[in-house]
Each structure stands twice: as structure tokens, then as C-alpha cells.
Amino acid sequence: MKICIYGAGAIGGFFGAKLALAGHEPSLIARGAHLEAMRENGLTLITGGEEHNVRARCSDDPAELVRPAAAIPTRQAHPLADAAEGAAPRRPPPGARRPS
């Protein structure tokens, strides 16, 4: 499933890594140095004594990413309205069928 995570900091990065490891296709929205680090190094998840590195699509512009089947907002509360506006063009048109 294609899932977009708005705000790929610690929480969003964790969800993105777990989703990728489960076989999904996460896209991550981030900014600045964190975005550049994810582009260069991917996401590294260390849990249960194991280390996993995954690569995911990353951008600071939601329009650059593949249309997701779902979106997970993990940003702080005050910029969520901006994230919702950014997601609007990515939603399927009314009456569109969801991918199975």
C-alpha cells in the first residue's frame, strides 16, 4: 500500500521504516537537514537488537510523490492545516476506485 507520512521526524520516520519493512511503499514529507539525511542514508531502525536500513521516497513537496492510498500526519498540531492542504491534490477524485 502507498502511504504518505507528513512530518517524517522521529515518529514519522519510525512509522515509515516499519511500513517499508512490512512491504508497504511509504513516502515521507520532511524538511531541511533531516530530509537531506534521509535522501542520502535512508532510514535506520534499531529495535530488538537488530538494525534495519530502508529507502523510501522523500520530499518537501507532496506534489512530487506518488498518490497515496492513505496519509498519516505526524507533524506538530499547528502546521497540520498546511499538511491537509498539501494532501488535497493527492486525494483521488470523487467516485474513484481505491487500489486493491
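Let's start inside the fold: Pro26 is buried, with a relative accessibility of 6%, where buried means under 20% relative accessible area, exposed over 50%, and partly exposed in between (1.4 Å probe, protein chains only). This is a predicted model, in which local features need pLDDT of at least 70 and side-chain atom pairs count only at pLDDT 80 or more, while totals for chains, interfaces and linings use all residues. Residues are numbered from 1 along each chain as its sequence is written, and side-chain values use heavy atoms, with hydrogens and water left out.

Pro26 sits in strand E2, residues 25-29; helices (H or I, at least four residues) and strands (E, at least two) are DSSP runs numbered from the N terminus. Setting aside residues up to four places away in sequence, Pro26 touches Ile3, Gly16, Leu19, Ala20, Ala56 and Arg57, a contact being heavy atoms within 4.5 Å. Ile3 is 23 residues from Pro26 in sequence, yet their C-alpha atoms are 4.8 Å apart.

Gly16 is buried, at 0% relative accessibility. Beyond its neighbours within four places in sequence, Gly16 meets Ile5, Pro26, Leu28 and Leu43. Between Gly16 and Leu28, 12 residues apart along the chain, the C-alpha separation is 7.1 Å.

Helix H1 spans residues 10-21 and also holds Ile11, which is exposed with a relative accessible area of 54%. Together with Phe14 and Phe15, Ile11 forms a nonpolar surface patch of about 290 Å² accessible area. Accessible areas come from the Shrake-Rupley method with a 1.4 Å probe, and for residues only the protein chains shown count as cover. Patches are made of residues with over 30% relative accessible area and no salt bridge, joining like charges within 9 Å and nonpolar side chains (Val, Leu, Ile, Met, Phe, Trp, Tyr) within 5 Å; a salt bridge is a side-chain nitrogen of Lys or Arg within 4 Å of a carboxyl oxygen of Asp or Glu.
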